[in-house]
Amino acid sequence: MLKSHVLPRAYFRKITRNSSGKAISFDDFPETKVRFSSSQWVQELMCEACEQIISRYESRAIETLRTFRGKFAKTGDQRLCLESHHCRLFFTSLIWRSAIATIDEFQKVCLPPDIRELARRSLFSGIPLSRQVLTCTIRIVTDKSQGFNDASLRDIMITPIPRTTRIPYSFLFLIDGILLEFFCPGLTETRELEADGVVNGRRLMTVPTIDIFDVPEVVSILVSGFGKNVEGKLSDAVKTRA
């Protein structure tokens, strides 16, 4: 078994390259502090051959999403030309790896055993899951208040968190200025599956925007970090840097 990144290493490189290899890290547990972290969420997950398969999905999908997000920042263009096959497998890999990881940051992610196994088979056969098993939606994160500029929004990474206030059950995942939502089991209503932002096999799709402060689960985490700062719950390194 190889030590694998639970989430793609490419995203960590982007966030940490201008901060001496470390990122500011915090969670919503009241007893923990705001701290610097060089952790890239690595653990033994799969063999070398399986890692290479996952990496192929990653490289193409990440480049597609980065190009799209950069274009939106410059022009406001919300049209995404998606290599649907590879991107669907990439999105499946994100939630599957998060579900099988045992490190603390991913303890809130849980997939039913049967769906977890279907996801594994999908990844290593190269056949995407049906939308009725796992549905993924994409939204561009913005901030109308302009408290976060676009670069800051793209530097926020939030591990998948459960959204328990709605049915069906879903997980939210914020990375590189894009909010992914995974429904498991997937959506079933035609009107939901055909809505903008749903990854449903179309090559060209329109991606809606969502204000970061309109996502209660994300706001809760940001408020937690702000509260710790106000209360002085900072590691010595963060205090020195501040």
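What volume does the second largest cavity have?

Author: The second largest cavity has a volume of about 30 Å³. Some ground rules come before the details. The model is predicted, so local features need pLDDT of at least 70 and side-chain atom pairs count only at pLDDT 80 or more, while totals for chains, interfaces and linings use all residues. Residues are numbered from 1 along each chain as its sequence is written, and side-chain values use heavy atoms, with hydrogens and water left out.

The search runs on a 1 Å grid over the protein atoms alone. A cavity is a set of points where a 1.4 Å probe fits but cannot get out. A pocket is an open set with protein on both sides within 12 Å along at least five of seven lines. Lining residues have an atom within 4 Å of a point. Grid points are joined across faces, edges and corners, and the volume is the space filled by probe spheres set on the points.

Now the lining. Tyr-11, Leu-65, Ile-175, Asp-176, Ile-178 and Leu-180 line the second largest cavity. By class, that is five nonpolar residues, no polar ones and one charged. Nonpolar covers Ala, Val, Leu, Ile, Met, Phe, Trp, Tyr, Cys and Pro; charged covers Asp, Glu, Lys and Arg; the others, Gly among them, are polar.

Helices (H or I, at least four residues) and strands (E, at least two) are DSSP runs, numbered from the N terminus. Most residues other than glycine have a negative phi. Asp-176 has a positive phi of about 55 degrees, although it is not a glycine. Its relative accessible area is 4%, so Asp-176 is buried. Buried means under 20% relative accessible area, exposed over 50%, and partly exposed in between, with a 1.4 Å probe and protein chains only.

At 68% relative accessibility, however, Gln-146 counts as exposed. Gln-146 also belongs to the lining of the second largest pocket, along with residues including Arg-69, Phe-72, Lys-144 and Leu-153. That pocket has a volume of about 150 Å³. Helix 2 (48-75), strand 6 and helix 5 each supply at least two residues of its lining. The classes there are four nonpolar, three polar and four charged.

Two cavities of 30 Å³ or more turn up in the whole structure. The largest cavity holds about 110 Å³. Among its lining residues are Arg-88, Phe-91, Leu-129, Cys-136 and Val-199. Helix 3 gives the most to this lining, with four residues. The lining divides into seven nonpolar, two polar and two charged residues.

Together with helix 2, it is what the buried residues of helix 4 pack against, where contact means heavy atoms within 4.5 Å. Helix 4 covers residues 113-125 and reaches 18 Å from its first C-alpha to its last, close to the 18 Å expected. The expected span is 1.5 Å times one less than the number of residues. Its buried residues are Ile-115, Ala-119, Ser-122 and Leu-123. They cover an arc of only 95 degrees around the axis, which puts them on the same side of helix 4. The arc is that of the directions from the helix axis to the C-beta atoms. Pro-113, Asp-114 and Arg-121 are exposed on the other side. Gly-126 follows helix 4, with a positive phi near 80 degrees.

The buried residues of helix 7 pack against strand 8 and strand 7 (158-163). They are Glu-217, Val-218, Ile-221, Leu-222, Ser-224, Gly-225 and Lys-228. Their arc is only 150 degrees around the axis, which puts them on the same side of helix 7. Exposed on the other side are Pro-216, Val-223, Phe-226, Val-230 and Glu-231. Just after helix 7, Gly-232 takes a positive phi of about 80 degrees.

One last backbone point. Most peptide bonds are trans. The bond from Cys-184 to Pro-185 is cis, with omega near 0 degrees. Pro-185 is found in the loop between strand 9 (178-183) and helix 6 (190-193).
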